[in-house]
There are 2 protein chains.
Amino acid sequence: MNFPSKLIEEAVSEVSKLPGIGKKSALRIVLHLLKRTEKETHSLADALVAVRTQIHYCKKCHNISDGELCSICLSPKRDASVICVVQDSRDVLAIENTGQYNGLYHVLGGIISPLEGIGPSDLKIDSLLERLQHTSEVKEIILALSPTMEGDTTSFYLQKKLKPFSLKISTIARGIPIGGDLEYADEITLGRSIVSRINYD
Amino acid sequence: MNFPSKLIEEAVSEVSKLPGIGKKSALRIVLHLLKRTEKETHSLADALVAVRTQIHYCKKCHNISDGELCSICLSPKRDASVICVVQDSRDVLAIENTGQYNGLYHVLGGIISPLEGIGPSDLKIDSLLERLQHTSEVKEIILALSPTMEGDTTSFYLQKKLKPFSLKISTIARGIPIGGDLEYADEITLGRSIVSRINYD
């Protein structure tokens, strides 16, 4: 694309580095900014810089947080006997929005992926084990990782590491999504959902 | 959505004001920033502020520009006898990228839309007429507005205003897109393409 202005070109190049935004959307965003007030662009830019420079990660669960500890770890209403292990902060948000979980979390910050050079030592696994060593309150660990090769590898590694603590270890149910049509389900999911069928009783 | 951090919430709210970005994409973008260096976020924020505060609009054609006049108006290689009238700067970019046009432009900055309260006086129409009064070089005006109710209204209004100048006035061809299937074309487009059929000769 030929841009009529260097400023536009630079802004488009910066914006199109963001996930899910191509050159055309970036241009649309940049031209949209020109239609709004300068103040609005300043508050957008300030919010982005603030989130990057002032954000903390919870010392306990590594979730994103405004302070040293996140609001979930600090809340006396949460059930401290269950820890749900997830890949990143987005998963915490997704589970929180279901309203079905009231325990604590542990954010690994990734999953084991030899292809991308991410090993167990790059994740917050040691921090989880340390957390368990300092408390006897925890009774169950839920491994809520993606049902992919990498997710399953990480789950398997964690199961081995967690064995000595003799806790209940569970994982989220895999199966046909609610409202999903059997016809359109992939073979592996359908197969797994038959193998791990639930008895009516 | 419940956000674990006020900073995240504010940044998501700012980012989701951008066109084509919902809450989920905004969150994805904000969390992505956390994974990059502070410097990268600063250069994104700076580019956005720079584009908003330092951009100019060409005094002649109202296209976005780095200086007083845009690179197209300044270029001696462009054919100054044709002016293509478009709705906004994005249309200039789109036409430039076809490589099929070598004339000048005039950016209206919108189209007549009574529903949105945009009348002829809100657009750069007077500026176009003034431009034509000061030169005898222009021989043709191409009206390249969207084939919508508003676009057609604006084209009609412009035709009336341009009549006294006795120039050639044309509009871009409407019809079946190249590579488009007749079967999937809407009735109005197909109808128009038959009415304005092109003779082989």
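A polar contact is a pair of N or O atoms within 3.5 Å; within protein, one must be able to donate a hydrogen and the other to accept it, and residues adjacent in sequence count only if both atoms are side-chain atoms. The structure is a predicted model, in which local features need pLDDT of at least 70, side-chain atom pairs count only at pLDDT 80 or more, and totals for chains, interfaces and linings use all residues. Residues are numbered from 1 along each chain as its sequence is written, and side-chain values use heavy atoms, with hydrogens and water left out.

**Exercise 1.** Find where H62(A) lies, and decide whether H62(A) is buried or exposed.

*Solution.* Begin with the loop between strand 1 (56–57) and strand 2 (64–65) of chain A, where H62(A) is found; strands here are DSSP runs (E, at least two residues), numbered from the N terminus. Next, take the relative accessible area of H62(A), which is 15%. Buried means under 20%, exposed over 50%, and partly exposed in between, with a 1.4 Å probe and protein chains only, so H62(A) counts as buried.

**Exercise 2.** Identify the side chain with which the side chain of H62(A) makes a polar contact, and then list the residues that H62(A) touches.

*Solution.* The polar contact of the H62(A) side chain is with the side chain of S127(A), at 2.6 Å. For touching, heavy atoms must lie within 4.5 Å; leaving aside residues up to four places away in sequence, H62(A) touches Y57(A), H106(A), V107(A), K124(A) and S127(A).

**Exercise 3.** State how far apart the centres of domain 1 and domain 2 of chain A are.

*Solution.* The domain assignment, automatic or from a database, gives domain 1 as 6–54 and domain 2 as 78–171 in chain A. Taken over C-alpha atoms, their centres are separated by 35 Å.

Conventions: Chains lettered and ligands numbered in written order. Helix = DSSP H or I, 4+ residues; strand = E, 2+ residues; numbered from the N terminus.
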